[in-house]
Amino acid sequence: MMQIRVEKRIVVSKGFNASIRIFTLLLSLVLVGILFAIYGINPLEAYARIFMNAFGSEFGLSETIVKMLPIGLCATGLAIAYKARVLNIGAEGQLILGAMAATWIALYSNIPSSLVGAVMLLAGFAAGALWAAIPAVLKIKLNVNEVITTLMMNYISLELLDYVLTGPWKGPSQRGFPLTDPFPSYARFPLIGGTRIHYYTLILLLVLAIILYVFMSRTRIGYEIKIVGSNPEAARYAGINVSKNILTVMLISGGLAGIAGVGEVAGVQGRLIENISPGYGYTAIIPAWLGGLNPLAALLASFFISGLMVGSDSVQVSLRLRASFVDVFNGMILLFFIGSEILTRYRILIEARGRKIWI
Amino acid sequence: MDIAASILAEAIRSGTPLLLATLGEIYCERSGVLNLGLEGVMTIGALAGFVATLATGSVWIGVFSAMIAGGLFSLIHAFTSISLGANQTVSGLALTMLGTGVSSLIGGKYVGQPLPERLQIFQIPVLSEIPLAGGFFVHDPIVYFSIVLSIMMWFILFKTRIGIIIRTIGEKPEAADAAGVNVHLVRYLCVLSGGFLGGLGGAYVTLFYTPFWKEGIIRGRGWIALSLTIFSLWNPLGSIIGAYLFGGVEVLQFYLQEYRVPASLLRTLPYFTTILVLTTGSIGFMRKRLGAPAALGKPYRRES
């Protein structure tokens, strides 16, 4: 007879953890491939094209990096929030608020032109952080579920964006379209020649990811955040101020999403537009988990997910694929990923005819 | 019908998808499973109902298909959170992404197509003439069904053995297990019924409330239902009040437009109300220390 037993796993190697993540990634690719096949698209051809378009040419690679900037900024911040078990789903709204703050600085303030870039970044960080602070305070003071509040703040920020673009901030020279006027040139981030990569944001992203990595692994607060996430009871018992840590991670993740918004208006669009973000804040949730809630790994995962988005954008026309397959793919990865997490906590013993197989 | 009655009727209509989804989620959470995938489940139901109605020409086949689709789809969450014991919050989020993604992938070619048949309204004579309360009696069968269902579900939850079992599993699963109840099975059934009702709530949107399909048609209703679950303190009767209150807020938007308030700002009303409702629900919970099932969100595994 075959017997299956489940036992608690005591030691988990890092390699095993990483291989599970890669496995879930592959499994999702296979399943989405089946979906392609159902739509009459050769999955191998589709993946080959997606890969080539995303990473195979100078143009593709640069576009992947352009998308990695907002996704990476959101994802590294979210990774830290999730590490503390604070489920901030509001990066999308925090990004939009950051973009709005930067727009106000660029178009309506009297800040000396040499300082505008820096002030936009600071204002974007502050706006994103403040937008995240509302759900944070509700959670800390009244125990309100942050998943729902951060999500509602996303919907509110979208309507707020619609309001300013159709009302007070509608550009006089835009013939009624919901756009602001273009930013003055001193409020635009410079680009790497021949690409759309705004390198201020790129440098900021790389530096921030490293800082956050060090912050999490080397500082006392980082250590506290980890304990708050893994065992809040123990954290309280050990005298850790749980509320302070919740607020910290919310402010950091909100602020980084805000900076992502600044990059989009000042680096990519040069003005505030209605779809300033095609859901970057939601997409970023995936690399945060995929990177095991480690800021540097989340950045790497963001690069991969961005490539997937760029690649799928470009095959949309040629293979007549709808872009929403990326959402399906993302949902699958997340589902498989947390489903397979069980393998890191338990091991399965299959006993058949006297032989033992461990998984 | 007087003005008050017709406003009430509109509030009930826009509250009905919320009521259905909330009722399902109440059972789900009472058994200890948090399903944050409700938005995805409703979207799947909305599309399945619409497509089945287009294909068969029968709105009732649409309704039925939506329930089946919602139920089957929510089983994914049941499997990861009950059988695998995975993180329910993340699993629910993944379900929402998957549901909205799959729906827009499949639904692309149905955008802009007209619905051959819509749910019929059955106005109840005499009763519908009552001032104000008449607003309860000018609806399609689903509205009547949802009200009856709330009462039935309240009765089952608080007055029958089945209800005791469900609540025990949500409070102290090990006690139910010791008494010989199959904890996983009951949780599966609760998630499944949550899926049926979520799917139905979604279909009500595409088959009656706004009878067409487009991406994002559920517009956060799943999330609103999740907060109504808390607001109602996990009581099916409370969810009637919550859902219609919310429907009222949505109707209020149209009336306020006359006062030249920008439409975009008015559209934020339901979302602000959600935060408010959630906050009051959470305060009530802290004060009374009753309501939230103790084992909510915690996977159950028998320690051997």
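User: Which handedness does the crossing of α4(A) and α5(A) have?
Analyst: In this predicted model, helix α4 (residues 91-108) of chain A packs against helix α5 (residues 116-142) of chain A at an angle of about 145 degrees. Their axes lie 7 Å apart. The handedness of the crossing of α4(A) and α5(A) is right-handed.

User: How many nonpolar, polar and charged residues does the contact of α4(A) with α5(A) have?
Analyst: On the α4(A) side, the contact includes G93(A), L95(A), L97(A), G98(A), M100(A) and I105(A). On the α5(A) side, among the residues are V116(A), V119(A), M120(A), G124(A), G128(A) and W131(A). By class, the contact of α4(A) with α5(A) has no charged residues, 5 polar and 15 nonpolar.

User: Is G33(A) buried, exposed or partly exposed?
Analyst: G33(A) belongs to helix α1 (residues 14-38) of chain A. A residue needs 20 or more other C-beta atoms within 10 Å to be buried, and 12 or fewer to be exposed. Because G33(A) has 16 other C-beta atoms within 10 Å, its class is partly exposed.

User: Which residues is G33(A) in contact with, leaving aside its neighbours within four places in sequence?
Analyst: The C-alpha atoms of G33(A) and L44(A) are separated by 7.7 Å, and these residues are 11 residues apart along the chain. With neighbours within four places in sequence left aside, the contacts of G33(A) are P43(A) and Y47(A).

User: How far apart do the C-alpha centres of domain 1 of chain A and domain 2 of chain A lie?
Analyst: The domain assignment of chain A gives domain 1 as 1-41 + 321-359 and domain 2 as 64-318. The C-alpha centres of domain 1 and domain 2 of chain A are separated by 30 Å.

User: Which element gives the largest share of the side of domain 1 of chain A that touches domain 2 of chain A?
Analyst: The contact takes 10 residues from domain 1 of chain A and 11 residues from domain 2 of chain A. On the domain 1 side, the elements that give two or more residues are α1 and α14 (325-340) of chain A. That side divides into 7 nonpolar, 2 polar and 1 charged residues. The largest share, 6 residues, comes from α14(A).

User: Which element supplies the largest share of the side of chain B that touches chain A?
Analyst: In the contact between the chains, 38 residues of chain B meet 35 residues of chain A. At least two residues each come from α3 (59-83), α4 (88-107), α9 (221-231), α11 (263-266) and α12 (269-288) of chain B. The residues on the chain B side divide into 21 nonpolar, 16 polar and 1 charged. The largest share, 12 residues, comes from α4(B).

User: What is the radius of gyration of chain B?
Analyst: Chain B has 12 helices and 2 strands, in the order α-α-α-α-β-β-α-α-α-α-α-α-α-α along the sequence. The globule rule gives 19 Å for 304 residues, and chain B is close to this, so it is as compact as a globular protein of that length. The radius of gyration of chain B is 19 Å.

User: What percentage of the residues of chain B count as buried?
Analyst: The C-alpha atoms of chain B fill a box of roughly 65 × 45 × 40 Å along the principal axes. Among contacts in chain B between residues at least 6 apart in sequence, 79% join residues at least 24 apart. Of the 304 residues of chain B, the share that counts as buried is 55%.

Note on methods: Residues are numbered from 1 along each chain as its sequence is written. Chains are lettered from A and ligands numbered from 1 in the order in which they are written. This is a predicted model: local features need pLDDT of at least 70, side-chain atom pairs count only at pLDDT 80 or more; totals for chains, interfaces and linings use all residues. Axes are lines fitted to C-alpha atoms, for helices over the stretch in contact, and angles run from 0 to 180 degrees between N-to-C directions. Helices (H or I, at least four residues) and strands (E, at least two) are DSSP runs, numbered from the N terminus. A crossing is left-handed if the near helix is turned anticlockwise from the far one by less than a right angle, and right-handed if clockwise. Two residues are in contact if their C-beta atoms, placed from the backbone, lie within 7 Å. Ala, Val, Leu, Ile, Met, Phe, Trp, Tyr, Cys and Pro count as nonpolar, Asp, Glu, Lys and Arg as charged, and the others, Gly among them, as polar. Domain bounds come from an automatic or database domain assignment. The radius of gyration is taken over C-alpha atoms; the globule rule is 2.2 Å times the number of residues to the power 0.38.
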